[in-house]
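Dear colleague,

I am handing over the structure below, together with some notes on what was found in it. Please read the notes with the structure open beside them.

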Amino acid sequence: MNVAADSLTSTGEAVQFWILAVVATAGALATVLMKRAVHSALSLAGTMIVLAVFYLANGAYFLGVVQVVVYTGAIMMLFLFVVMLVGVTAADSLRETIRGQRWLAALCGLGFGILLIAGIVNASLHHFNGLGQANSGGNVEGLAALIFTKYVFAFEITGALLITAAVGAMVLTHRERIRRAATQRERSQQRVRDGVQVAPLPAPGTYARHNANDIPALLPDGTPSELSVSATLRSRGQVRDVSGEALADLAALEQRSRRWLERDGDEDRKGAAK
């Protein structure tokens with residue numbers, strides 16, 4: 001009687017299921033209908049997170065954590081890495097490289113839809129079938145027994161598909177070099193022909209009073225070098241003036257400060273003598 005009561009669906013579980021089922025279905029549809037591959041991968045990640053919540057609600061805590069860590073965290077990041085590595089855009093996804101692949105994809109989708117509808121119709125909406133078998137002797141032990149005995153081939157095929165996706169991405173992104181790579185000598189000669197800065201750029205503050213990043217270096221004739229400071233600081237107006245007039249004003253200010261310090265020192269010494 002207790003086993004039958006534990007397998008029944010409570011009101012809270014039913015409300016949770018119908019709310020999250022809508023989210024999971026929306027994510028699954030977005031995975032198929034989104035034009036950009038990155039958006040499809042993110043939608044699939046959201047669906048996997050909802051599935052993890054379902055596992056946790058059914059008492060399969062280990063499977064829920066694995067769903068988040070392995071599938072959502074690792075495998076989905078692999079998918080995103082493959083998508084970003086290949087650089088698939090909306091224009092590329094609409095280009096048919098194999099004849100008849102759209103019709104074949106439509107037939108496969110129709111067949112999968114029929115199987116899915118048949119499974120939903122035959123499923124029980126009041127009891128959790130198979131949960132006791134998965135949790136027999138412990139959730140981890142039950143899952144290990146099912147994965148490595150009954151579903152071992154599906155498990156290995158999934159791993160092979162993931163490896164094939166990673167290797168395929170590397171193959172698709174490989175480009176054959178058409179021209180010979182330029183040597184260091186050829187690149188330096190090209191810089192001289194283009195008239196760009198051949199020597200290293202002067203460091204900030206060279207021949208100046210300070211070596212801060214916002215102080216340009218001074219050339220031998222005393223003029224500031226614009227190449228010694230960042231273009232970002234120049235655009236922001238955060239470069240300090242180190243021209244001759246500014247340096248003269250600063251020297252005059254330091255001289256006046258020195259005089260004030262010397263006068264204060266003399267007054268202190270006179271006061272001590274008295």
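**Surface patch**

On the surface, Leu56, Tyr61, Val65, Val68, Val69, Val70 and Tyr71 form a nonpolar patch with about 620 Å² of accessible area together. Patches are made of residues with over 30% relative accessible area and no salt bridge, nonpolar side chains (Val, Leu, Ile, Met, Phe, Trp, Tyr) being joined within 5 Å and like charges within 9 Å, while accessible areas come from the Shrake-Rupley method with a 1.4 Å probe, only the protein chains shown counting as cover for residues. Helix 4 (residues 61-86) gives the most to this patch, with 6 residues, and valine 65 lies in that helix. Helices (H or I, at least four residues) and strands (E, at least two) are DSSP runs, numbered from the N terminus.

**Basis of the model**

This is a predicted model, in which local features need pLDDT of at least 70 and side-chain atom pairs count only at pLDDT 80 or more, whereas totals for chains, interfaces and linings use all residues. Residues are numbered from 1 along each chain as its sequence is written, and side-chain values use heavy atoms, with hydrogens and water left out. The protein averages a pLDDT (the predictor's confidence in each residue, from 0 to 100) of 75, and 74% of the residues score at least 70.

**Overall fold**

The protein has 12 helices and 2 strands, which follow the pattern α-α-α-α-α-α-α-α-α-α-β-β-α-α along the sequence. Of the contacts with a separation of 6 or more, 51% are between residues 24 or more positions apart. The accessible surface comes to about 20900 Å², of which 65% belongs to carbon and sulfur atoms, and buried residues make up 15% of the 274 residues; buried means under 20% relative accessible area, exposed over 50% and partly exposed in between, with a 1.4 Å probe and protein chains only.

Not counting residues up to four places away in sequence, alanine 41 touches Met76 and Leu80. Serine 40 also lies in helix 3 (residues 37-57); with a relative accessible area of 11%, serine 40 is buried, and beyond its neighbours within four places in sequence it is in contact with Ala30, Thr31 and Met34.

**Charged residues**

Side chains of opposite charge can pair when their charged atoms come close. Under the rule that a salt bridge is a side-chain nitrogen of Lys or Arg within 4 Å of a carboxyl oxygen of Asp or Glu, the count comes to 1 salt bridge. Glutamate 186 forms a salt bridge with arginine 180, the closest N and O atoms being 3.0 Å apart; glutamate 186 is partly exposed at 33% relative accessibility, whereas arginine 180 is exposed at 61%.

Arginine 234, in helix 11 (residues 231-236), is partly exposed, with a relative accessible area of 37%.

With kind regards

Key. Contact means heavy atoms within 4.5 Å.
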